[in-house]
Amino acid sequence: MNRRPPIQFCSACGHPVELRIPPGDNRERHVCTHCGTIHYQNPRNVLGTVPVWGDQVLLCKRAIEPRLGYWTLPAGFMEIGETTSQAAARETLEEAGAIVDVGALFSLLNVPHVNQVHIFYLAQMREPQFAAGEESLEVALFSEDEIPWDDIAFPTVAKTLRYFFEDRRAGAFGVHLETSTPDAAVPGAPVPSLPVHTAHTEDILTPMLRV
C-alpha cells in the first residue's frame, strides 16, 4: 500500500502537467500545461469486514504484495458506484468466498502517509463456508487465542482485531476512530469509542456477544 506516483501527463490531452496552485484553490495541483485540466488526487477508501462465525473470525493469507503470505481481514479498494457496505461485502466474497450480512461500522482508520482510509464493518457469516479467492493463498477461521498476531499484514488490521476482541469481552461494540502513522505501534493506543444503537446493528451483533 504505497503512495501513488505523481501525475506526469494529462489524461484529457496527453500533454505534460505541472504542479501549481489553480485560481481559487489553496494548494498545489497537477495542472495541464496545454488544456488547463486540473487533476485532483484524493485519498482511496479501503473497505473490509470483520467476518464472524460463532466465536471465530475469518482471515485471509495474502497471495499478493504488499505483505505476501501475511494474514489480513478481507478488504480492498472501493469501486465506483458502490456504497461502503456494498464494497465491504463484495471484498469479503472475492477474497474469502464468504457471504456475509454486513452490520455496523466498526473501525475507521486514517492512513495519511499512504493516502488511504481503512474502513471495517462488523459482519455475520451466513454459513461457515469460505474459499480462497485469487488474492488469497488460504482462508481460515480463528478464535482469539489462535490469531497469528506476529503475521498480521497491516497495523490497521491488527488494531481492528484487537478492538473487536476487547469490545466483545466488554459486551458492547463501538465505533473506533484513529489515525495511523508510519511508526505506529501495533496494536496502538485505544481511542474512545462511540456507542452504536440501531435495530439492524443489534440483530447482527447479538450472536457475536453470546460467545
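Predicted model: local features only at pLDDT ≥ 70, side-chain atom pairs only at ≥ 80, totals over all residues.

**Entry 1: charges over rings.** I began with the rule I needed: a charge sits over a ring if NZ of Lys or CZ of Arg is within 6 Å of the ring centre and within 35 degrees of the ring normal. With that in hand I noted that R162 has its charged end over the ring of W149, at 4.0 Å from the centre of that ring.

**Entry 2: the whole chain.** Next I stepped back for an overview. I counted three helices and twelve strands in the protein chain. Of its 211 residues, 41% are buried. I then turned to contacts with a separation of 6 or more, and residues 24 or more positions apart account for 61% of them.

**Entry 3: the loop between β5 and β6.** I came back to R67, which lies in the loop between β5 and β6. Its phi is near 65°, a positive value in a residue other than glycine. I have R67 down as partly exposed, because its relative accessibility is 33%. P66 has its place in this loop too, between β5 (56-62) and β6. I checked the peptide bond that joins E65 and P66 and found it cis, with omega about 0°.

Entry 4: I located N115 in the loop between β8 (100-111) and β9 (116-125). Its relative accessible area is 26%, so I wrote it down as partly exposed.

**Entry 5: aromatic pairs.** How many aromatic pairs does a search of the whole structure find? I got five. One that I looked at is formed by W71 and F142, edge-to-face, with 5.0 Å from centre to centre and 80° between the planes. W71 belongs to strand β6 (residues 71-72) and F142 to strand β10 (residues 136-142), so this pair ties together parts that are 71 residues apart in sequence. I found W71 buried and F142 buried as well. I also noted one aromatic cluster, made up of F106, F164, F165 and F173.

**Entry 6: cysteines.** I searched for disulfides and the structure holds zero. For C13, the nearest cysteine sulfur is that of C32, 3.4 Å away, and C13 is in no disulfide. C13 counts as partly exposed because its relative accessibility is 31%. C60 has a relative accessible area of 1%, so I listed it as buried.

**Entry 7: a sheet.** I traced an open sheet of three strands in the order β1-β2-β3, and the pairing is antiparallel. Its edge strands are β1 (17-20) and β3 (38-39), each of which pairs on one side only. Strand β2 (residues 29-32) pairs with β3 over two bridges. I followed one partner across: V31 has I38, in β3, as its bridge partner.

**Entry 8: R90.** Is R90 buried or exposed? I counted it as buried, because its relative accessibility is 18% and the cut-off is under 20%. R90 lies in helix α1 (residues 84-96). A polar contact of 2.4 Å joins its side chain to that of E82. Leaving aside neighbours within four places in sequence, I found R90 in contact with F77, M78, E79 and E82.

Key
Residues numbered from 1 in each chain as written. Heavy atoms only, no water. Phe/Tyr/Trp six-rings, centres within 6.5 Å; stacked < 30°, edge-to-face > 60°. Helix = DSSP H or I, 4+ residues; strand = E, 2+ residues; numbered from the N terminus. Buried < 20%, exposed > 50% of the residue type's maximum accessible area, 1.4 Å probe, protein only. Disulfide = S-S within 2.5 Å. Pairing = 2+ DSSP bridges. Polar contact = N/O pair within 3.5 Å; in protein donor to acceptor, adjacent residues only side chain to side chain. Contact = heavy atoms within 4.5 Å.
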